[in-house]
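Thank you all for coming. I would like to walk through one structure slowly today, so please keep it in view while I talk.

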Amino acid sequence: MSLKIVVLAKQVPDTRNVGKDAMKADGTVNRAALPAIYNPEDLNALEQALRLKDKHEGTTVHVLTMGPARAADIIRESMFRGADGGYLLSGREFAGSDTLATSYALSCAIRKLGKVDIIICGRQAIDGDTAQVGPQVAEKLGLPQVTYAEEILDVEDGAITVKRRLERGVETVKGKLPMLVTVNGSAAPCRPRHAKLTLKYKFAKTASEVQEAGEDYAERFCCRPYLKIEEWGVNDIEHDPKWLGMSGSPTKVKQIESVVFTAKESRRLTPADAEIDALMKELITNHTIG
Amino acid sequence: MNFYKENPALKFQLSHPLMHKIVDLKEQGYADKDKYDYAPQDFEDAIDSYDRILEIIGEICGEIIAPNAEDVDHEGPQVINNRVKYARGTQENHDALTKAGLYGMALPRQYGGLNVSMVPYVMAAELVSRADAGFANIWGLQDCAETIAEFADEDIKAEFLPRVCKGETCSMDLTEPDAGSDLQAVQLKATYNEADGMWYLNGVKRFITNGDAQIKLVLARSEAGTNDGRGLSYFVCDNKHDDRIKVRRIENKLGIKGSPTCELVFTNAPAKLVGTRRMGLIKYVMSLMNGARLGVGAQSVGLSAAAYEEALAYAKDRKQFGKAIIEFPAVYEMVSMIKAKLDASRALLYECTRFVDVYKAYEMLEQSRKLTPEEKAEYKEYQKLADAFTPLLKMFASEFANQNAYDCIQVHGGSGFMKDYACERLYRDARILTIYEGTSQLQTVAAIRHVTTGGYLKQIRAYEAMDINPEFTALKERLVKMTALYEQAVNAVHEAKDQEYLDFVARRLVEMAGHIIMGYLLIIDATRDDMFRKSAFIYLNYGEAEVKKHAEFIATFNRDNIDLYK
């Protein structure tokens with residue numbers, strides 16, 4: 001059976017390569033110093049989607065992302081790897097969204113896409129590490145969800161079988177479509193960019209990018225519809241403004257503290273029970289563990 | 001890590017002035033743009049596409065192939081039931097490159113290729129080699145597809161080329177137990193069967209890289225009763241992995257352990273003739289060899305690049321006597337010499353590749369239309385240059401790779417002798433480079449012609465006439481003096497009219513030409529980009545001393561002494 005799949009992806013600052021300018025003096029992330037990358041677990045999610053596309057003829061994979069104009073990069077990146085296209089949800093109305101407002105906006109955009117069989121997203125993004133957006137989108141759309149997926153084993157007769165990676169083992173579950181699946185980082189890595197697809201889609205652009213590129217470009221663009229990346233603003237989705245952006249975000253950041261590890265001293269213990277016991281108690285008291 | 005993006009010296013080559021001509025010839029009016037959605041619109045678009053393709057390869061090299069190299073070296077391939085099983089990492093490398101659509105890069109689009117010119121193709125080979133020189137063989141054997149594209153009939157092209165693009169691997173089966181450097185002695189028998197119009201192969205091949213490949217190009221004796229090269233034809237063989245082609249064993253080697261080197265037994269293996277009978281060795285293998293030598297040039301430069309990165313990182317990191325060892329003259333001289341030899345061999349690699357690019361493009365063009373007299377003249381000119389530069393490149397790049405791998409261990413000191421660092425693998429992998437696809441000694445044999453006929457001198461004069469940054473005027477004056485020494489030595493040997501003497505000093509003469517040529521290439525590159533400035537000076541200091549050494553040897557050598565060496 002052919003499937004309609006939407007992958008939810010996010011462009012994030014590369015927090016894995018944190019240098020010394022990663023944080024500003026006020027404790028906020030210095031986005032300028034960190035390259036913007038495709039959230040790693042979303043790439044795992046994309047791979048699961050592309051495998052279904054390989055297996056089930058006629059399946060389409062589109063990527064939906066909410067973010068600033070440059071987030072179109074990850075849609076192109078997805079197309080280089082095999083996605084059919086994507087949607088960029090962008091606008092200042094979405095700024096300041098916490099996970100609740102984000103999942104609301106994304107669910108509105110998904111509704112606009114009509115019937116979707118599977119929504120696949122990464123477990124969590126490396127900037128916030130909340131793992132909330134996927135499950136919240138499922139709730140808002142009234143869909144069942146499978147989290148921590150390591151592999152989508154099978155899709156047949158309207159049912160999906162998923163292997164989940166849990167703390168103490170794996171669990172295989174089966175559920176009815178439509179379904180939302182969040183994918184764990186332990187899933188198969190995403191396939192590399194494909195050379196021909198990269199050359200085919202390298203000029204794929206959103207409407208605002210086309211405008212920026214000028215007239216010569218627009219000419220090339222107009223006779224190649226596959227180069228179009230859909231760009232949606234707040235008016236393109238059915239929504240209630242009070243659930244969007246700042247006003248839709250109950251999470252307020254009270255204070256940010258820049259914690260710089262300074263301790264350098266070491267302590268030597270003898271392997272006596274009493275000493276180990278004392279250290280355990282100390283670590284639990286100061287919340288290092290437990 | 002991305003091996004392409006992090007190294008501006010590679011992208012620099014895409015901006016060479018000759019690229020415009022090369023790409024225009026290759027793309028023939030950019031006519032493919034209306035047929036294929038991935039074909040370039042114009043020159044700038046094509047270069048951008050090259051850049052993007054190389055970025056994908058650079059990422060796969062940095063993220064997958066290089067991290068796998070150590071395990072592949074330890075694990076190696078195995079033979080199970082007469083079939084080769086790659087090491088786990090080798091298979092993973094191959095799958096990644098296949099999924100990225102990077103096999104058959106240089107093939108025409110009609111067969112599923114990307115139709116890139118030789119420069120980015122060779123650059124890809126350099127990148128893969130830096131990541132794992134052994135794996136570069138499996139990747140590089142797509143050269144075989146080039147030979148099919150060039151010489152085979154249309155039905156053979158249509159049958160095999162799209163399969164290469166889908167990731168089926170190739171092998172070129174030339175060597176036999178009694179036919180190594182002397183391929184005229186090949187005995188594997190090809191018999192024509194009138195009934196089904198197929199050829200059948202019987203015999204043994206030895207030292208066949210990736211011998212279990214699906215697509216095999218085989219040199220075989222089609223003319224019963226002959227004993228020389230003119231009795232040999234070239235065949236393409238679809239390996240069905242049945243009893244007709246068996247892998248008897250694989251060799252246990254010093255280096256490039258991930259690359260399976262096979263002994264093969266052919267028993268009535270069906271095959272198709274490539275091109276014309278009797279032209280196997282004389283025409284097709286020679287062409288394939290030139291491609292393979294260019295490939296070893298790229299492999300050598302890639303290995304030198306790896307040696308440089310390892311040596312530099314260690315020398316900066318390792319502290320002795322209270323400072324990083326790179327601050328000691330004995331160490332920084334070694335590291336900068338590795339860099340200078342790397343830059344010089346890379347300059348030679350891409351200069352040679354551009355020559356190959358132009359003449360191959362004309363060769364392809366000639367298949368579709370008659371060339372104008374001007375085009376024909378240019379075709380011949382570039383072919384001559386490619387013929388002259390290929391053995392020079394093969395010899396210098398492979399010898400430098402060995403010297404660099406040696407010095408890389410030396411920079412590491414005792415640690416370099418242990419299995420803990422990559423440098424010991426580089427050292428073992430480098431060793432084959434001066435041997436296969438023609439030893440350095442055979443490259444001298446191929447190159448000496450261009451010494452005696454003045455081919456190198458003519459090109460040196462062309463470089464001399466080029467504009468350079470005035471900063472390098474003093475360097476150029478030294479190169480002019482080196483050229484005079486070279487001419488004197490060549491004339492002295494020539495006047496002796498003694499073939500044995502010429503053969504005896506051939507290597508020295510070829511090396512003199514090489515040092516001068518690389519010296520010029522570096523100041524020309526440094527004129528376009530300052531990043532080559534240091535290497536231009538450092539290489540010239542080295543090359544000048546080498547040229548003087550050889551000049552001195554030849555000037556004072558007593559020919560009667562040759563007998564003492566026997």
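**From chain A to the domains of chain B**

Chain A has 8 helices and 12 strands, where helices (H or I, at least four residues) and strands (E, at least two) are DSSP runs numbered from the N terminus. Please keep in mind that this is a predicted model, in which local features need pLDDT of at least 70 and side-chain atom pairs count only at pLDDT 80 or more, while totals for chains, interfaces and linings use all residues. Residues are numbered from 1 along each chain as its sequence is written, and chains are lettered from A and ligands numbered from 1 in the order in which they are written.

The C-alpha trace of chain A spans about 75 × 45 × 40 Å along its principal axes. Of its 290 residues, 40% count as buried, that is, with 20 or more other C-beta atoms within 10 Å of their own, the C-beta atoms being placed from the backbone.

Let me turn to chain B, and to two of its helices. Helix H3 (residues 43-75) of chain B packs against helix H5 (residues 118-131) of chain B at an angle of about 15°, with the axes 8 Å apart; axes here are lines fitted to C-alpha atoms, for helices over the stretch in contact, and angles run from 0 to 180 degrees between N-to-C directions. That angle makes H3(B) roughly parallel to H5(B), because angles under 35 degrees count as roughly parallel. Residues are in contact if their C-beta atoms, placed from the backbone, lie within 7 Å, and among those making this contact are Tyr50(B) and Ile53(B) of H3(B) and Pro120(B) and Met123(B) of H5(B). By class, the contact of H3(B) with H5(B) has 14 nonpolar, 1 polar and 1 charged residues, where Ala, Val, Leu, Ile, Met, Phe, Trp, Tyr, Cys and Pro count as nonpolar, Asp, Glu, Lys and Arg as charged, and the others, Gly among them, as polar.

Finally, the domains. Chain B is divided into domain 1 (8-165 + 282-433), domain 2 (170-277) and domain 3 (439-557), with bounds that come from an automatic or database domain assignment. The C-alpha centres of domain 1 and domain 3 of chain B lie 25 Å apart, and their contact takes 22 residues from domain 1 of chain B and 23 residues from domain 3 of chain B. Which helix gives the largest share of the side of domain 1 of chain B that touches domain 3 of chain B? That share, 10 residues, comes from H11(B).

Notes:
Angles under 35 degrees count as roughly parallel, over 145 as roughly antiparallel, 65 to 115 as roughly perpendicular and the rest as oblique. Two residues are in contact if their C-beta atoms, placed from the backbone, lie within 7 Å. A residue is buried if 20 or more other C-beta atoms lie within 10 Å of its own, exposed if 12 or fewer, and partly exposed in between; C-beta atoms are placed from the backbone.
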